[in-house]
Amino acid sequence: MSTSTFRRFFGLLGWMLLVPSALTALGAAWLLASGMNMLGDTHTAKGRVVAHEEIMTGPSHRRGLAKKSIVEFVAGDGRTYSFTDSVARQQQAIHKVGETVSVRYSAKDPVQAEIRSSTTVKIVIGAVMLLSSAIGMAVGWLLLRLRPRSVA
């Protein structure tokens, strides 16, 4: 393989790393911002776990049972809302039925509430995604720098 072909391959590989990494960075930034209460007027309330929802997770050849907590809480306007937490936990839910949990919700859309401990999970996942995408973008940029220069 000639040096020119080798460098073109690095250029293509660079774009294949740079673009998805940049898109992942945007998703990670949104995940971090939502987890850190930066996306609007959020409130907290005390809620109670009223049930669990069982779901199947994973690819078809490795299915597993996971549970999500269903929580009821009273918002600042006095109305009672119910939601299913977005984080599923393997084998059993992290919260027992009847347990009191801290709930975080948007004043504009209380139905989209979440258990506050799930927010920590979002922050950790967002930070790992952001770090990984930054590394991918750096490697992609470096590979693009190695591609051949056009002679003018």
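In the predicted model described here, Glu54 forms a salt bridge with Lys67, with the closest N and O atoms 3.8 Å apart; a salt bridge is taken as a side-chain nitrogen of Lys or Arg within 4 Å of a carboxyl oxygen of Asp or Glu. Because Glu54 lies in strand S1 and Lys67 in strand S2, the pair ties together parts that are 13 residues apart in sequence. Glu54 counts as exposed, at 51% relative accessibility, where buried means under 20% relative accessible area, exposed over 50% and partly exposed in between (1.4 Å probe, protein chains only). The model is a predicted one, in which local features need pLDDT of at least 70 and side-chain atom pairs count only at pLDDT 80 or more, whereas totals for chains, interfaces and linings use all residues. Residues are numbered from 1 along each chain as its sequence is written, and side-chain values use heavy atoms, with hydrogens and water left out.

By the rule stated above, the count comes to 3 salt bridges. One of them joins Arg79 to Asp77, with 3.4 Å between the closest N and O atoms, and Asp77 is partly exposed, with a relative accessible area of 48%. Another joins Arg104 to Glu114, where the closest N and O atoms are 2.5 Å apart. Arg104 belongs to strand S5 and Glu114 to strand S6 (residues 114–115), so this pair ties together parts that are 10 residues apart in sequence. Arg104 is buried, with a relative accessible area of 7%, and Glu114 likewise counts as buried, at 6% relative accessibility.

The protein chain has 2 helices and 6 strands, which follow the pattern α-β-β-β-β-β-β-α along the sequence; helices (H or I, at least four residues) and strands (E, at least two) are DSSP runs, numbered from the N terminus. Of the 152 residues of the protein chain, 32% count as buried. The protein chain exposes about 9800 Å², of which carbon and sulfur atoms supply 62%, the accessible areas coming from the Shrake-Rupley method with a 1.4 Å probe and, for residues, with only the protein chains shown counting as cover. Among contacts (heavy atoms within 4.5 Å) between residues at least 6 apart in sequence, 64% join residues at least 24 apart.

With strand S2 (residues 64–74), S1 pairs in the antiparallel sense over 10 bridges, and with strand S5 (residues 100–106) S1 pairs in the antiparallel sense over 7 bridges. Strand S2 is mostly covered, with 8 of its 11 residues buried, and 5 bridges join S2 to strand S3 (residues 80–84), the two running antiparallel. Within this pairing, Thr84 in S3 is the bridge partner of Ile70. The hairpin of S2 and S3 has 5 residues between the strands, and Gly78 there takes a positive phi near 90°.

Lys68 also has its place in strand S2. Not counting residues up to four places away in sequence, Lys68 touches Ala51, His52, Glu53, Ile55, Thr84, Asp85, Ser86, Val87 and Ala88. The C-alpha atoms of Lys68 and Ala88 are separated by 4.7 Å, although these residues are 20 residues apart along the chain.

For helix H2 (residues 116–145), 30 residues at 1.5 Å a residue should span 44 Å, and the end C-alpha atoms are 44 Å apart, which agrees; the expected span is 1.5 Å times one less than the number of residues. The buried residues of H2 are Ser118, Thr119, Lys122, Gly126, Ser133, Gly136, Gly140, Leu143 and Leu144. An α-helix has 3.6 residues a turn, so residues three or four places apart point the same way. Elsewhere, Phe9, Leu12, Leu13 and Met16 form a nonpolar patch on the surface, with about 390 Å² of accessible area together. Patches are made of residues with over 30% relative accessible area and no salt bridge, like charges being joined within 9 Å and nonpolar side chains (Val, Leu, Ile, Met, Phe, Trp, Tyr) within 5 Å. Leu13, found in helix H1 (residues 3–35), counts as partly exposed at 30% relative accessibility.

Key:
Two strands pair if DSSP finds at least two bridges between them.
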